[in-house]
Amino acid sequence: MERSTAGGRRGERGRAVRKARPPSRRPPSSRPPPRPLRGRGFRAPSSKEEAAAARPAMAQSVVVQVGQCGNQVGCRFWDLALREHAAVNKKGIYDEALSSFFRNVDTRSGGDGPDIYKGKICSLKARALLIDMEEGVVNEILQGPLRDVFDSKQLITDVSGSGNNWAVGHKLYGYQYQENIVEKLRKAAEHCDCLQCFFIIHSMGGGTGSGLGTFVLNLLEDEFPEVYRFVTSVYPSGEDDVITSPYNSVLAMKELNEHADCVLPIENESLFDIVNKIHQMINSGKLGSTVKQNSLVTSSAGSAKTVQEKPFDAMNNIVANLLLNLTSSARFEGSLNMDLNEISMNLVPFPRLHYLVSSLTPLYTLADVNVPSRRLDQMFSDAFSREHQLIQADPKHSLYLACALLVRGNVQVSDLRRNIERLKPSLHFVSWNQEGWKTGLCSVPPVGHSHSLLSLANNTCVKPTFIELKDRFMKLYKKKAHLHHYLHIDGMEQSCFSEAISSLSDLIEEYNELDATKGGPRTDPSRLKIAV
């Protein structure tokens with residue numbers, strides 16, 4: 001599962017080639033003693049050979065949810081993940097699908113007992129680390145219906161918060177909690193038989209999510225260089241009530257540019273629009289009772305842990321469904337399984353251009369059982385429409401570097417190919433990657449659906465989001481407004497701001513250079529001429 005474009009593809013599921021470990025950014029005196037890592041398909045030595053032989057062969061992932069937004073989205077993810085597995089796993093057996101995100105722990109003797117690798121489900125524990133510098137959201141999770149899925153060894157909290165200040169989260173709390181975070185990350189990794197990916201869920205506008213979230217991202221690169229780092233970043237809207245959110249977002253962007261493998265940007269404004277679109281559709285009377293309530297991409301209906309919905313649950317459920325669909329091939333079988341490493345390998349041609357624009361379809365399912373091909377084709381068309389994107393963007397009128405289609409449920413490979421051929425003429429791909437499609441087909445549909453589609457596009461349409469963010473940053477920075485709140489934190493200098501905006505400007509320029517090639521003549525690659 002090597003990251004070099006010159007290297008070969010992974011040969012078999014769960015096995016990988018270890019890449020060279022980059023030099024640590026910390027001085028030698030501060031580096032912890034090395035420990036055996038279980039990255040990208042490597043199995044750490046075990047004295048319990050029989051237990052190891054019985055373990056599931058499927059790769060595992062660990063979710064790191066940071067800050068208020070990250071933990072609220074993470075809470076919805078774990079709830080809906082349990083709902084999805086409960087719908088498939090009728091016999092209550094701990095299987096490979098469950099092992100990807102859950103441990104099966106024997107708690108009969110009390111406390112955190114040994115893992116059970118086969119047989120009946122005893123007690124499921126999420127492969128997760130919950131971090132927040134305020135206790136409110138994490139305490140709410142621990143007192144709610146998901147309390148048994150986590151334990152105190154997976155939590156890192158403080159009481160004072162980061163005050164919407166990236167510097168407090170990154171420079172202050174980051175170094176204060178560094179050893180604790182590393183220890184808990186290692187513990188989570190040691191419970192994995194084949195750790196493939198870390199998922200970070202955070203917001204960009206606050207202090208803990210943006211500052212401490214990107215600090216954790218740096219730690220992951222240092223401690224687990226072999227393991228992929230996928231980041232789900234929720235970007236603030238222009239009407240955000242956090243005045244310093246442009247500072248926090250741009251400072252966090254520099255870290256994402258340098259240390260993430262893939263970033264899935266989400267905009268609050270887009271989530272809000274999708275929720276409103278669904279409500280209007282249901283209340284218009286055109287569809288009426290024909291909409292299956294548990295099929296709504298915003299719904300918690302039928303969740304494994306029933307709880308009263310909160311104001312932002314509908315929006316957070318959309319992001320949770322994105323992550324469920326993204327990992328479906330890693331959890332369930334299918335005729336065209338797409339592993340997480342293949343997403344990075346096929347969709348990220350340049351290291352910094354790793355921002356993938358996502359869309360989910362359908363937003364709901366009608367109650368009739370049959371799926372006419374016309375409705376199936378509409379699902380593919382919707383995935384490329386502006387209204388279904390999770391950021392304010394229009395990919396059809398921008399330039400594609402590559403595109404992945406992750407289909408779930410009752411869809412045939414022929415349907416997939418037919419729709420790609422149908423849509424290709426209306427989409428603009430870079431001249432050197434005209435066939436830049438990656439497809440996955442998972443046989444298990446989401447709860448309430450017969451089929452669904454997640455589109456991941458490496459597309460220049462993400463550029464306006466970054467330009468708007470830069471403009472909002474410069475309005476504050478030109479006046480040096482609020483800078484003193486950041487500069488009084490140890491290790492924070494004004495150069496951090498200039499470097500961050502320079503990094504964002506360079507990223508925008510890279511997208512500009514690509515956009516400049518749009519509409520140019522398509523050149524066929526030179527072919528070997530055979531003399532007769």
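**View 1. The burial of Tyr-477 and Phe-497 in the predicted model.** Tyr-477 and Phe-497 are both buried, a term that stands for under 20% relative accessible area with a 1.4 Å probe and protein chains only. Their rings form a stacked aromatic pair, 6.0 Å centre to centre with 15° between the planes; rings of Phe, Tyr and Trp (its six-membered ring) pair if their centres lie within 6.5 Å, and planes under 30 degrees apart count as stacked. Because Tyr-477 belongs to helix H15 (residues 463-477) and Phe-497 to helix H17 (residues 494-515), the pair ties together parts that are 20 residues apart in sequence. Helices (H or I, at least four residues) and strands (E, at least two) are DSSP runs, numbered from the N terminus. Lys-480 lies over the face of Tyr-477, 4.7 Å from the ring centre, where the criterion is NZ of Lys or CZ of Arg within 6 Å of the ring centre and within 35 degrees of the ring normal.

**View 2. The pair of Tyr-400 and Phe-429.** A search of the whole structure finds 25 aromatic pairs. One of them is stacked and joins Tyr-400 to Phe-429, at 5.1 Å centre to centre and 15° between the planes. Tyr-400 lies in strand E10 (residues 399-409) and Phe-429 in strand E11 (residues 428-429), 29 residues apart, and both residues are buried.

**View 3. An aromatic cluster.** Phe-77, Trp-78, Phe-101, Phe-102, Phe-150, Phe-199 and Phe-230 are linked by ring pairs into a cluster.

**Notes.** Residues are numbered from 1 along each chain as its sequence is written, and side-chain values use heavy atoms, with hydrogens and water left out. In this predicted model, local features need pLDDT of at least 70 and side-chain atom pairs count only at pLDDT 80 or more, whereas totals for chains, interfaces and linings use all residues.

Notes: Rings of Phe, Tyr and Trp (its six-membered ring) pair if their centres lie within 6.5 Å; planes under 30 degrees apart count as stacked, over 60 as edge-to-face and the rest as tilted. Buried means under 20% relative accessible area, exposed over 50%, partly exposed in between (1.4 Å probe, protein chains only).
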